[in-house]
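Please look over the chain shown here before reading the notes.

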Amino acid sequence: MKKQTVYTLLIIAFVLSFFVTPLGDFSKIILNRLFATAPTVIQNENRGKITDYKWRLKNSEWDFISFEEAKGKVVFINFWASWHLPSKAQLKDIQTLYDAYKGKVSFYIITNEERVPVELFMEKNGYTFPVTYQIIGDPSPLTLLKPPGSYILDKNGAIAVHQNAIADWDNETVFTLLDTLLQEK
């Protein structure tokens, strides 16, 4: 067998590994993290604002909660699903963000999945951020984004970040934005 043929077969095997092996999922998560960029911060004059905080959700104990708890606070909202690869790729960064701003920022990491698979996923990956469950059909003050969509709201309900794709949440842009929003009155 020629050297060129061996190299070609190795490249084909490597590419196929992304599609047909567990290594593929792991590799795709790493690639998503690698190519994720900081979210785009919306300039003050261009920020939309939510005026209605009436939104029922469920917490990790499966009790009803109201989004009105977030009124007057800096809020991080992320829509995710445990089966969705880009969602899985950014949850590590979200955990880091949660660890840094727990108690200062209100976190709503929202899924529309059932409780048991989510609990298993969280335990398997060692995530401790609070999971919030969407109630299908209930009205929301925000456009419900597809995973891995995210929002950051300031204390007045202005939308500082509206991210429709995977983002790098563990970076100086996000930390600076949150620090600035927390200092505002």
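This is a predicted model: local features need pLDDT of at least 70, side-chain atom pairs count only at pLDDT 80 or more; totals for chains, interfaces and linings use all residues.

Residues are numbered from 1 along each chain as its sequence is written, and side-chain values use heavy atoms, with hydrogens and water left out.

**Overall layout**

- The chain has five helices and seven strands; helices (H or I, at least four residues) and strands (E, at least two) are DSSP runs numbered from the N terminus.
- In sequence order, these elements give the pattern α-α-β-β-β-α-β-α-β-β-β-α.
- The C-alpha trace spans about 70 × 35 × 25 Å along its principal axes.
- The chain has 185 residues, and 44% of them count as buried; buried means under 20% relative accessible area, exposed over 50%, and partly exposed in between, with a 1.4 Å probe and protein chains only.
- Of the contacts in the chain with a separation of 6 or more, 70% are between residues 24 or more positions apart; contact means heavy atoms within 4.5 Å.

- The 17 residues of α3 should span 24 Å at 1.5 Å a residue, and the end C-alpha atoms are 25 Å apart, which agrees; the expected span is 1.5 Å times one less than the number of residues.
- α3 bends by about 35° at L91, the bend being the angle between axes fitted to the seven residues ending there and the seven starting there.
- The buried residues of α3 include L85, A89, L91, I94, L97 and Y101.
- D93 lies in α3, which covers residues 85-101, and D93 is buried because its relative accessible area is 15%.
- Not counting residues up to four places away in sequence, D93 touches A167, D168, W169 and D170.
- H84 sits in the loop between β3 (75-79) and α3, and H84 counts as buried at 16% relative accessibility.
- Apart from neighbours within four places in sequence, H84 is in contact with P147 and P148.
- G103 follows α3 and has a positive phi, near 90°.

**Helix α5**

- α5 (residues 172-183) has twelve residues and reaches 16 Å from first to last C-alpha, close to the 16 Å expected at 1.5 Å a residue.
- V174, F175, L177, L178 and L181 are buried in α5.
- Seen down the axis of α5, its buried residues fall within an arc of 165°, so they line one face of the helix; the arc is that of the directions from the helix axis to the C-beta atoms.
- An α-helix has 3.6 residues a turn, so residues three or four places apart point the same way.
- E172 and Q183 are exposed on the other side of α5.
- The cover over the buried residues of α5 includes α3, β6 (150-153) and β7 (159-163).
- N171 caps the N-terminal end of α5, with a side-chain oxygen 2.8 Å from the backbone nitrogen of T173.

**R33 in helix α2**

- R33 is placed in α2 (residues 22-35) and counts as partly exposed at 29% relative accessibility.
- Leaving aside neighbours within four places in sequence, R33 is in contact with K88, A89, K92 and Y127.
- R33 and F14 are 19 residues apart along the chain, and their C-alpha atoms are separated by 19 Å.

Key. A polar contact is a pair of N or O atoms within 3.5 Å; within protein, one must be able to donate a hydrogen and the other to accept it, and residues adjacent in sequence count only if both atoms are side-chain atoms.
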